[in-house]
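Please open the structure in your viewer and keep the selection tool at hand. We will go from stop to stop, and at each one you will find what to select and what is there.

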Amino acid sequence: AWPRPYVAWVANLKPAKRPEACLPLARAIADLGVDVVMAGRAQVGAYEGFAARPDLPPNLHVLGPLAPRVAAGLLAGARIHVHTCRPEGFPNVFLQAWCHGVPSVSLGFDPGGTIAREDLGAMADDDPVRFHAEVRRLLVDDAARDAAGARAAAYVAEHGDVPANVELLEEFLTGVVAGG
């Protein structure tokens, strides 16, 4: 439970994740009464004191590392999942947010073009001004945010079903072993 509406950022704190991009984002949405809530472990010494930075906006909260269930709850309660990380495959955090119907706004990485193709939030092409604008747009437009969240949940239901994917994997591996 969080006392105010918030956007969630969940990742480890290191340069490739660009957690510092959340500072100007928090300032850009402060007038909306929305917090930026960050969770993750510092993996580089330079980020160990991130939560104590004197330049943190009052609406930015760094919780540090969370247990997986608590991080899942943080994502589930968010209005939007924000992603500032550089390309890295298909991060699970997207699926974790989407399964709860929470759309994503990404600063510069859209795994496989999924966010844009499926309209699961927005991608800002590494443009901070656009990133802030897209977050604001989804925060103030409940219908657009809810629709993107519904599409996100449907996407995970279709593409992230564990039993169906295990069956597909078993079929694939059986084919490999059989030489087919």
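Start by selecting Trp98: at 0% relative accessibility, this residue counts as buried, a word that stands for under 20% relative accessible area, with exposed meaning over 50% and partly exposed the range in between (1.4 Å probe, protein chains only). You are looking at a predicted model, where local features need pLDDT of at least 70, side-chain atom pairs count only at pLDDT 80 or more, and totals for chains, interfaces and linings use all residues. Residue numbers start from 1 along each chain as its sequence is written, and side-chain values use heavy atoms, leaving out hydrogens and water.

Like Trp98, Phe94 is buried, and both sit in helix H3 (residues 92-98), four residues apart, about one turn of the helix. Helices (H or I, at least four residues) and strands (E, at least two) are DSSP runs, numbered from the N terminus.

How do the rings of Trp98 and Tyr155 meet? Their centres are 5.6 Å apart and their planes stand at 90°, so the pair is edge-to-face. Rings of Phe, Tyr and Trp (its six-membered ring) pair if their centres lie within 6.5 Å; planes under 30 degrees apart count as stacked, over 60 as edge-to-face and the rest as tilted. Tyr155 belongs to helix H6 (residues 142-159) and Trp98 to helix H3, so this pair ties together parts that are 57 residues apart in sequence. Tyr155 has 11% relative accessibility and therefore counts as buried. Now select Phe90 as well: together with Phe94, Trp98 and Tyr155, Phe90 forms one aromatic cluster.

Now switch to the cartoon view for the sheet. Six strands make up an open sheet with parallel pairing, in the order S3-S2-S1-S4-S5-S6; two strands pair if DSSP finds at least two bridges between them. Strands S3 (60-62) and S6 (121-123) are at the edges, each with a single partner strand, so one side of each has no neighbour in the sheet. For a closer look, select strand S2 (residues 35-39), which runs parallel to S3 and is joined to S3 by three bridges. Here Val36 stands opposite Leu60 in S3.

For the last stop, select Arg18, in the loop between S1 and H1. At 10% relative accessibility, Arg18 counts as buried. Which residues does Arg18 contact, leaving aside its neighbours within four places in sequence? They are Thr84, Cys85, Arg86, Leu107, Gly108 and Asp126, where contact means heavy atoms within 4.5 Å.
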